[in-house]
Amino acid sequence: MDDLARLGSRDAVANLFVAHHRRLVGLAALLVDDRATAEDVVQEAFVNLHRRWTQLRDQGSAISYLNRAVVNGGRDRLRHGRRGAVLLPRMVPVPEERPSAEQDAVRHEEADRLWHAITALPYRQRQVLGLRYYLDQSEAEIAEILEVSRGSVKKHASRGLAALARDLEAGA
């Protein structure tokens, strides 16, 4: 992050965009269930970061700012009902060798089942699990981003994982 402090706002935000855009769109898509809306939320987060670049107390905290802005932007979009058609991204890594048609169908079916189970979770549980397992954030970082206690993070993570396990076992 020291490199970011030396760059101007335009270059610093451009570097952050290249490094974190895809990850943030994935997080936003988990939260708003719509790829186009997710991309809008992330774009707004980067635009606002650029506008506020000189106001950041610590320009090294820009990634935390972006994480929080995406979570809050997703929450705001859902609150105001600005949801478009659902375009479900596939959160499955691309294998190095091409799978058979049967393997591909099974992988997509499993990804769809997981996606539907995640989107059925209450919003706060979805936020916590997305930040924890998609962005690999610690409990303390999640608590800071969501402005809740660490105990609340633990509670929502536990309940969300238990609900996912139930849903996935029921569908097996």
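Reader: Is Asp136 buried or exposed?

Author: The general idea is to compare the relative accessible area with a cut-off, and a residue over 50% counts as exposed. In this predicted model, Asp136 has a relative accessible area of 59%, so it is exposed. Asp136 lies in the loop between helix H6 (123-134) and H7.

Reader: Which loop holds Glu147, and what is its phi?

Author: Glu147 sits in the loop between H7 and helix H8 (150-171). Although Glu147 is not a glycine, its phi is positive, at about 60°. With a relative accessible area of 64%, Glu147 is exposed.

Reader: Where is Ser152 placed, and is it buried or exposed?

Author: Ser152 belongs to helix H8. The test is again a cut-off: under 20% relative accessible area, a residue counts as buried. The value for Ser152 is 16%, so Ser152 is buried.

Reader: How many helices and strands does the protein chain have?

Author: The protein chain has eight helices and zero strands. Along the sequence this gives the pattern α-α-α-α-α-α-α-α.

Reader: What share of the residues is buried, and what does the accessible surface come to?

Author: Such totals describe the chain as a whole. Of the 172 residues in the protein chain, 38% are buried. The accessible surface is about 10,300 Å², and carbon and sulfur atoms account for 49% of that surface. Contacts may be sorted by sequence separation as well: among those between residues at least 6 apart in sequence, 69% join residues at least 24 apart.

Reader: At what angle do the axes of H2 and H4 cross, and how is that angle to be classed?

Author: One takes the angle between the two axes and then assigns a class. The axes of helix H2 (residues 9-32) and helix H4 (residues 62-79) come within 10 Å and cross at roughly 30°. Angles under 35 degrees count as roughly parallel, and H2 and H4 are therefore roughly parallel to each other. Their crossing is right-handed.

Reader: Which residues of H2 and H4 meet?

Author: On the H2 side the residues are Leu16, His20, Arg23, Leu24, Leu27, Ala28, Leu31 and Val32, and on the H4 side they are Ala62, Ile63, Leu66, Asn67, Val70, Val71, Gly74, Arg77 and Leu78. By class, the residues of this contact of H2 with H4 are twelve nonpolar, three polar and two charged.

Reader: How does H3 pack against H4, by angle and by handedness?

Author: The axes of helix H3 (residues 35-52) and H4 come within 9 Å, and they cross at roughly 135°. H3 and H4 are therefore oblique to each other. The crossing of H3 with H4 is right-handed. Among the H3 residues that meet H4 are Val42, Ala45, Phe46 and Leu49, while the H4 residues include Leu66, Ala69 and Val70. The residues of the contact of H3 with H4 divide into ten nonpolar, four polar and four charged.

Reader: Which residues are in contact with Phe46, leaving aside its neighbours within four places in sequence?

Author: They are Val13, Leu16, Phe17, His21, Leu24 and Leu66. Phe46 is part of helix H3 and is buried, with a relative accessible area of 5%. Phe46 and Val70 are 24 residues apart in sequence, and their C-alpha atoms are 9.3 Å apart in space.

Reader: At what angle do H4 and H7 pack, and which residues make the contact?

Author: H4 and helix H7 (residues 139-146) pack at about 50°, with their axes 9 Å apart. That angle makes H4 oblique to H7. The crossing of H4 and H7 is right-handed. Asn67, Arg68, Val71 and Arg75 of H4 make the contact with Glu144, Ile145 and Leu146 of H7. Three nonpolar, one polar and three charged residues form this contact of H4 with H7.

Key: Residues are numbered from 1 along each chain as its sequence is written. This is a predicted model: local features need pLDDT of at least 70, side-chain atom pairs count only at pLDDT 80 or more; totals for chains, interfaces and linings use all residues. Side-chain values use heavy atoms; hydrogens and water are left out. Axes are lines fitted to C-alpha atoms, for helices over the stretch in contact, and angles run from 0 to 180 degrees between N-to-C directions. Helices (H or I, at least four residues) and strands (E, at least two) are DSSP runs, numbered from the N terminus. Angles under 35 degrees count as roughly parallel, over 145 as roughly antiparallel, 65 to 115 as roughly perpendicular and the rest as oblique. A crossing is left-handed if the near helix is turned anticlockwise from the far one by less than a right angle, and right-handed if clockwise. Contact means heavy atoms within 4.5 Å. Ala, Val, Leu, Ile, Met, Phe, Trp, Tyr, Cys and Pro count as nonpolar, Asp, Glu, Lys and Arg as charged, and the others, Gly among them, as polar. Buried means under 20% relative accessible area, exposed over 50%, partly exposed in between (1.4 Å probe, protein chains only). Accessible areas come from the Shrake-Rupley method with a 1.4 Å probe; for residues, only the protein chains shown count as cover.
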